[in-house]
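The sequence and structure are shown first, and the description follows.

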Amino acid sequence: PVAMELTTTTLDGKGLTAKGKVTLYRLIAPTNVIRSSMLRSPYPMLPRRAMGARPGQLGKPAPKAIVNSSELEFDGTNPSTWAHGDAIESKPFESDADGKATVSFGLARGFYRAMVESQDAFGKPVRAEWNLRVVDPASKSLGLKIPNLLDAPKWQLEPGEKLQAIWGTGYDRARAFVEIESDGKVLKSYWTKPELTQVAIEQLVDESMRGGFTVRTTMVRENRAYMESRTVDVPWTNKELSLKWDRFVSKLEPAASETFTLTFSGPNATKATAEMVAGLYDASLDAYLPHQWMKRFDVFRREASRVSSVFNNSATGLYQFRGSWEQKYLPSEESFRKFPDELQQAYGLMPMMADGMAFGAGGMGGGGPSGMPRVGGRALKSRSRSSAPMAQGMLAEGEIADMEPAAAPLAMADSQSAGGSGDQEAKGPSLSDIPVRSNLNETAFFFPQLLSDQDGVVKLQFKMPEALTKWRFLGFAHDAQLRSGFLEGSLVTAKDLMVQPNPPRFLREGDAIEFSVKVSNQSDKVQSGKVALHLSDARTEESVDIAFQNQDSEKAFEIPAKQSKSFTWLLQVP
């Protein structure tokens, strides 16, 4: 019995339900084993682990498909290039919502080609091919007309498991030299019997073989060497820590105090006491330089055999006997139009505007990038400010207007749900005492030394910055036994009522613009209030509303639950 797993997906890899049929053909094999060519690889180009067999023994369908076998040049040692005969069996299939389906056949040993046919949503035919090899692991002869074969159902094992591989050849009589090596020591080495053309290779795996071991087979036949070397992976799973969240909140209010808790556990879910380093930073920083931490300690042994197998017979091209062709070179020079040097030297620098725009007045700001603005790659610092009280709509002390889109904080009045107090509805909300966000740190926390308790639990207590953005968590833990683990997560800081401004990057004298903002209500009830736009000189914080003809600076709003509205101000650039 051979079970083939089938997947139907969209072009971007998303599972899709489909119907069709799987038709199986037997490949037309050469009557005799064909010696490998010196001009190409001597090994059959079949997907590894493509052997079909009894359940629980050798045989797992390979996930790789051959798109069109007719386009391949015939090679007697490569079954992927062989033609196929008449169909021997056909079965329908219907994949589930994830695009998965399984089709089973009962097959004798040999080489086969499965053709899968279906239709897309527009009725266009879709087809894929897959070559598979079926062997009988209990047989003493391979029975396949190929020079050499070394394969196993899996090449990754845990201590306590046993490697069950086979070596085989299509010749009537042949011998192979088998070696099993671990960490430079040969555990086994023997010749196979010439009358056995299929031999089982077995090796019990123990703890000393962590990091892997090597299986080599060598056969020479008709002046061709067939040398295989496979590494069996024995991973260091005993050095892995599992990190799991006990409490993690994916949406937080800005400036909120929070506590996250994690639990460490070792292999087989045993409790583990460990040390941890953790950080939570603005995910937008990854746009400049993606940040990664190690997932595991990489200090343990990995199998790397120092044995190199060399076959002296090889294809050699014609060599030059004497002299060489005369070659003449003519110098050539290419030139292109370019910007003047003074412009190239100033590349990346943005001159500051004399009258910058600052957007203020709300209890919360628009969701732009946090932190000090950057010009020419250097952080800008604002000039000193007077100690006079900050005017309505001005930036907080220590801030400077950011000329990038949606980067300057646009503050908004504290909103109230429809149906609030009668006095407040009559007068409307006051915009005079609304603070501007001040803590725009790009890192919420960095804890370099966190220790878990005896139950393997660690707590992270912190206060979020006031930036409205997405945050990325990274955590790495290890214990005294060099066991290690990694955990990551993401969260966002948002408010029920938010303002997203859309300012231009620059303005020119005489421009008439429509400055727009979007007010979003993410709560489950109606929100009402006022939104205000105020402009000020970035150097002196003096109002420039009159100069920009910003006369109707405040606008009332009422927004239903889970909806948003846009507001605009007509401005004339002086």
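In what order do the three strands of the open sheet that contains S8, S9 and S12 stand? In this predicted model, the order is S8-S9-S12, and the pairing is antiparallel. Strand S8 (149-151) and strand S12 (198-204) are the edge strands, each pairing on one side only. On average, neighbouring strands of this sheet are turned by 15° against each other, direction ignored.

Strand S9 comprises residues 162-168 and pairs with S12 over seven bridges in the antiparallel sense. With S8, strand S9 forms three bridges, likewise antiparallel. Five of the seven residues of S9 are buried, so this strand is largely enclosed by the rest of the structure.

| Residue | Opposite residue | Strand of the opposite residue |
|---|---|---|
| Leu-149 | Gly-168 | S9 |
| Lys-162 | Leu-204 | S12 |
| Ala-165 | Ile-201 | S12 |

A further open sheet has five strands in the order S16-S25-S24-S18-S22, and its pairing is mixed. Its edges are strand S16 (251-252) and strand S22 (443-451); each has a single partner strand, so one side of each is left without a neighbour in the sheet.

Which strand is joined to S16 by two bridges? The partner is strand S25 (residues 484-493), and the two strands run parallel. Within this pairing, Leu-252 has Thr-493 in S25 as its bridge partner.

Definitions and conventions: Residues are numbered from 1 along each chain as its sequence is written. This is a predicted model: local features need pLDDT of at least 70, side-chain atom pairs count only at pLDDT 80 or more; totals for chains, interfaces and linings use all residues. Side-chain values use heavy atoms; hydrogens and water are left out. Two strands pair if DSSP finds at least two bridges between them. Helices (H or I, at least four residues) and strands (E, at least two) are DSSP runs, numbered from the N terminus. Axes are lines fitted to C-alpha atoms, for helices over the stretch in contact, and angles run from 0 to 180 degrees between N-to-C directions. Buried means under 20% relative accessible area, exposed over 50%, partly exposed in between (1.4 Å probe, protein chains only).
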